[in-house]
Structures are given as structure tokens and as C-alpha cells.
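Hi,

Here's the file I promised.

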Amino acid sequence: MKQATQLAAFCGDPACTDRPAAFRKHLGVLTATLLVCAPLLTAASEAPSTPAISPPAAAAPPDDGQWAMPAKNYASTRFSDLAEINEGNVKNLQVAFTFSTGVNKGQEAAPLVVGNTMYIVTPFPNVVYALDLSKPGAPMKWKYEPNPEPAAQGVACCDVVTRGAAFADGRIFFNTLDGHTIALDANSGQPIWNAHIANINIGETITMAPLVVKGKVLVGNSGGEMGVRGWVKALDAGDGHVVWTAYNTGPDKEVLIGPDFKPHYDMDKGKDLGVTTWPPEAWKIGGGNVWGWISYDPDLNLIFHGTGNPGPWNPDLRPGDNKWTSGIFARDPDTGAAKWFYQWTPHDLHDYDGINEQVLLDMKWQGKPRKVLVRPERNGYLYVLDRTTGEVLSAKPYGPVNSSKGVDLKTGRLIENPDKLTGTGKVVRDICPTASGLKDWQPSAFSPKTGLLYIPHNNLCMDEEGVEVNYIAGTPYVGMNVRMIPGPGGNRGAFTAWDIAAEKPAWSLKENFPVWSGAVVTAGDVVFYGTMEGWFKAVSAKTGDLLWQFKTSSGIIGQPITYRGPDGHQYVAILSGIGGWAGAIVSGDLDPRDATAALGFVNVMKDLKNATTAGGTLYVFRLP
Amino acid sequence: MRPVVALLLFASLTLAACQREERDTRPQSALGSGEQPTPVTTLEPGGQRPYPTDNKAASFEANAFHLSEGKRLFGWFNCSGCHANGGGGMGPALMDEKWIYGKSMESIHATIRDGRPNGMPSFRDKIPDDQIWELAAFVRSLSGNAPSSAAPSRNDDMMVHPSENRMPDAATLGKSP
């Protein structure tokens, strides 16, 4: 290891945050050269037909034009092979049809398309709609209203969102805010089973999209701001009974840590660390929730899921590493047994949940083929892990980071910045990134054609002050006053294309507001994402040049998808509708005069109320 | 003798001048129970009837000690976790002019004691009745509905909005209506 620590000095090159015209021109020439030389280059490389970096075939089967899970496939690439819409003609995109979700809260979900039907699930009250794509205007085929308990809205930390449903074996699986997982007949919308697995009276909600793996529906709980002990459960897809439950704090047997558990780093080795790295009993209310993304590698028979922040945010109440929070587990999907664990942020000081997406890729790393897992993490680093062992191969900041000084690749440990340690009664200023991270849940997309990861993210910093907090079940357990401010440069968001092999950004676009939407990239070399003002954008996958944009009715924080319609043509779909943590000022009508509103996010979003209004609408686009 | 009398007279006069608002640390719980009906709407067929006010509302409302206790309890009972420092989050903003369930002391008291359907927990049996009144008085001060002579004037923590005694009436934001 020639470089044990990678310093957090981000991007000396101004070109990567700001792209002056000269740079763009340069890139254009570069791309042109690349294009001309492409056959030559591939001929020269050792594997002529397969791209240098690609998802494992078993986790990313050939594209069938459908979109059956939010991440597109188990490798979570959010890449579509469809290429009818391309860099040249995307400027002609037109609205094919729209549909109001009837809910004025943040629309974070990805629509699904299976066969001739599109499925969408709304934020609370979590209505599911099936739209018939084979008929003009896509009329409603059926709708299902689960009628969740209204009281659940009070214990959802950051708007009453859901991140979508999943399709498998003729069924639609989705979660309700009040803690139910429900299976519907995809054809008729009739409920098949309904499992009540989370309890709002202790602050549990469910906001993640389920993932269906080998006949099991994987679901975790939210509640990291309510002192909720995190878990992930596998429910039988047939009848909904709980097959296994893995907690992310507490004794090994409840974390499903057994003889197979082989973490790579010493810091994660030992007995019952989920108890001993906490003050007595604190692990019972210690967070580590699973509300983000799960990926699955069929070859290794492993699922990968992150764990949320430790509770409370005020770190003085929980000295220790707080296992197994703010980390990532590899587990056997059949039994839940843990295979390895890696902790992105031991003893988290800033609400750095570790729940973001993990993109599974196979590539050469320093000459050797490796099975890797790529994770743009909340703490600001772009991690490349060996997914068979949990070893960190690379951890480079993909934006401004000063809360830590890099990752020690020998020990795997994040190097804290002693100037940014939070605690009771102490105001620490200018901590970057914020509690919402350099990137929050909003998923990135990977194109094997470019080898680039397209990352929608934030550019924010914050002041923090630890305050006393009491644990009262079912109420917040945070203990931190937070106020956020724009990051360096003043642009609050960015959309960055990260060159995984080169460990650096290829290009980055500035956005005024945080980019709180997901991304999708296609074989037509077009990347789609949305902004909180409501623009739905198409940019070139190679250069980042803006190719087309359309102003939707509300801010976009959803996940774009693309599919082949019954008419054989390519469509692009996105839910528009402001909200989520970043947009709560609008969807929750919060008061901008309080800097700490919405856990400090409102301070940096004061002008959002003048930029957009609430309202959930599906937009679907196609070429004329 | 005479200078002593004069001194006493002087002292009693000065002391009288110093008299402040009473620190009613133990209000009589017998007065007012908060159990009388509290309307949640102004819509009443045929016109609104007057509702009796609660005795406690008046004794807690404009009292500096109770207001500052209310401010402390607002953090202590995790109200601030859901409503931030009045700007809102998981729960609605309490410093604005918009009220779902009414802004009277009685309405706010009922909100805290009994909860509200869309996610406001019921704190009945968790918070003593007098402290609920203190909280209600403080909640009103967040939107400028408390006399500035009584409302809290400083934070012990990071200042995140103007202090309550400088908070303009949210309905007019300091402008004459």
C-alpha cells in the first residue's frame, strides 16, 4: 500500500467543480479522440468484448425493457440498454402522458414497469396505482389504498416518503409508513398478504423499497432519529411470515453473527461488539436502521445493506464505536447470517447514516480482477470495497469534506478531524458535509459504456451544537441543534460523474439546490436526473452537456426510470413532487425563521418556497 | 429613634417598588382542570357560543416564570425533536400564524394532553397538568402571543431565531393589520 491515507483535499482542479468553456471544449476533443480510437483501444485491451468495468451478469441480466425494481437490477446499476433515445435526439422528447398521484408530499419512489403495466406508490397514505400502458393515456387499471394509520406521519423523521415498490412472481410488494409490508396481485390489485412488522409507538416507520431475493422480501425499519433499534427482516414472499430478523445492534446472536462472520478489519472483530461498544443498554435505543438500499450478488449468494446512524445524534451519550451502526453488512439471504461488516463511520458524530446504494461491479484493480462494491457514502467518500471480504480498495472524497481527514487503508478507519468533534454545549461551525451527507439516499447510476458513476448529491456544510436529550419512546432522540449552510462555491447541489478506475471525477455540474433525485443512464449515452426547482434534465453521459430539459409542475426528488412500452418505443418516467428532508420546508410548510427546522435543513432551503410548490405528478416522455 | 423609623420607612418603600410578578411555583391545582370542552373549530351551526375559559389559562399565560419553565420543558419532553425550535419538522411549525387546532391556551393544552390525529402524541399521564399549561403558554410565545415583558429573552443554546420576547405577532409579523 503505497499510500496509507488519502487526504480529503478535494479537487484542486477547478475544472471538476466548475467546468469553464475551455475545459468543456477540451473534453469534447478528448471524447472525439476516444470515439475515433475506440476500436483501437478495445483491441489493445485484454478483454475485447466486455467493458473494463461491468456488473456481474447474474446480478444484471440482459435488459428486457422492463423496470421491475427501483435499482433496475440486483447490481443496482440503474443502467438501461435501451438506446432509441440518444444524445442526438433526446432534445425532441415530448410528454406522452401525465398522472396526478393525489398526494402533496415528497415523491421519492421509482415507478415500475412490468409487461403492459406501470405501478406507482405514493408517499403516505401509500396508495398504489396500476396504469395500463397499452391504452392511450395510460388509464388506471386498479388502485389499492392500504389506509395506514394517520398517526404514523408524526414519527416519520423527514417527510412521509416511500422509495418505491418491487415486483416479483406476479406480485407487487410495498411498505406502508405505519409499518406494514403488503403483497398485491399485480394483475388485479387484490391484497394477498399484509404483515405488520414495525411499531409506530416506539417510533418505527418504513420508508424503503423492499427487495425480493430468492422468494424473500427484504425490509428494514426507519427511526434513527427516534431511538429505534435497527433491523432488517426477510419475509416469505408466499405468505409474508418472517423468516429471519437481523438486528444491527445488540448481542451477536440477534445480529446473526456466527461462525461464518469474517470481517476484514480488526476494529470489527470481537464478541458481542453490538453491546460492548455502547454504554450499558444504550444499544437498545441506538439506531442502525435499514431504510436505504440493498444489493444482491447471486454468485456469492450475499446481500449487502447499509446501517443507519447511531442514536442519539449527540455523541456524548454513547462513547464507543457503536457497532454496527453507520456501516455495511454482507449477509446470506437464506439465513440472514452475517459474512462481513465494515464501518464507514465508527462512533458517528454527524448523523452519517450508512444506507446509500451499493453498485456491484467486476473490474481490474491494480492489475487483478476484483469483485467490487462501489458506494458514494454519506460521509463524503467514494468507497470501492472488495465485496467478497469488505476490504477497502479506495476511498476518495467526491466533494468538500472537512469532518474527517481521509480513510486509513491499513486499519480501514475513518480519520476524524479533531476540530470538528461535536458534543454537549459546544457549537462547532462549518462542518462539511452536513447531517444529510455529501449524498443522502438519492441513488446514483453506473454505465458500463463510460465506466462512470453518475452521482446526484449535495454541497452543504453545517453548524452543530449538542444538547441534552431524554429518551421518551416514540418521540425524537436527537440531542443536536443543527443549522445548514451552502457548501464551498455556494451551489447547494452537484451532479458528478465519477471515473471509478481513475478514482476522480470526470466532470461535475453545479445545481442551485441539492440534487435530491436519483439518476438513470442509458445505452444511448444519456443521463437523466431532476432538480428541486422541477427541471427534469437529460445530459450527455460522456461530457455532462445539457441536452434537454423540461420544467415539471413541482420540485423533483424521485427516481427516473426508462422502459420499452407496448408499442416497442422507449419511454422515460419520473415522479415530480417536492418534499423529502431537503424539501420538507415546502411539503411540511415549515417556518424559515427557525434555523433548526427540519433538523437544520430549513436554514439552507429558505428560498425553496419561492421556487416551487407541492404536488405529486407522474411524467412520462417519449420521442415524437 | 427617629433615624431608625425613617430608615425603616425608606426600606419598606424601596422594597415595595421592587415588587415583581409573583413566582407562582406551585399554582393551585384545584383551580381549573383543563377538562372542560375545547372546540377545535369555529364553525358552529347557528353561530359560535362562548366557551368558558379555564382559570389556569389566565394564571399561566402572561407569567415570566411559567414561560421560561415552558421553554425548558419544550426541550425536556422532546417537543423540539418534532417541532424544532418552533419552525417545525416532523410536526408543524408553531411560530407561524397558522393553527390547525386553535391557538387559545385551552386548545394548545388539549393538543398536548390528548394528542392530535395526524401524529401529535398524547402526553396525558406523562406531563403533569401544570407543566402542560406552562408548555402551552410557551408555545404561544413562539408566535408572538405573549407579552414581551414576560416572554423568554435569551437562549442558553445556539441562537436559532430571535428570542421569544422579540418575536412579532405571527399573524401580522409586526405590521399593523
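A:Pro125 sits in the loop of chain A that runs between β4 (117-121) and β5 (128-132); helices (H or I, at least four residues) and strands (E, at least two) are DSSP runs, numbered from the N terminus. The bond linking A:Phe124 to A:Pro125 is a cis peptide, with omega about 10°.

Before you go further: the model is predicted, with local features needing pLDDT of at least 70 and side-chain atom pairs pLDDT 80 or more, while totals for chains, interfaces and linings use all residues. Residues count from 1 along each chain as written, chains are lettered from A and ligands numbered from 1 in written order, and side-chain values use heavy atoms, without hydrogens or water.

There's another cis bond between A:Lys323 and A:Trp324, where omega is near 0°. A:Trp324 is in chain A's loop between β16 (302-306) and β17 (327-331).

A:Leu256 isn't a glycine, yet its phi is positive, at about 60°; look for A:Leu256 in the loop of chain A between α2 (252-255) and α3 (273-276). A:Asp525, not a glycine either, has a positive phi of about 60°, and belongs to the loop from β32 (520-522) to β33 (526-530) of chain A. I flagged these because most residues other than glycine have a negative phi, and most peptide bonds are trans.

Over in chain B, α5(B) touches α6(B) (contact means heavy atoms within 4.5 Å): the α5(B) side includes B:Met105, B:Ile108 and B:Ile112, and the α6(B) side includes B:Ile132, B:Trp133 and B:Leu135.

Cheers
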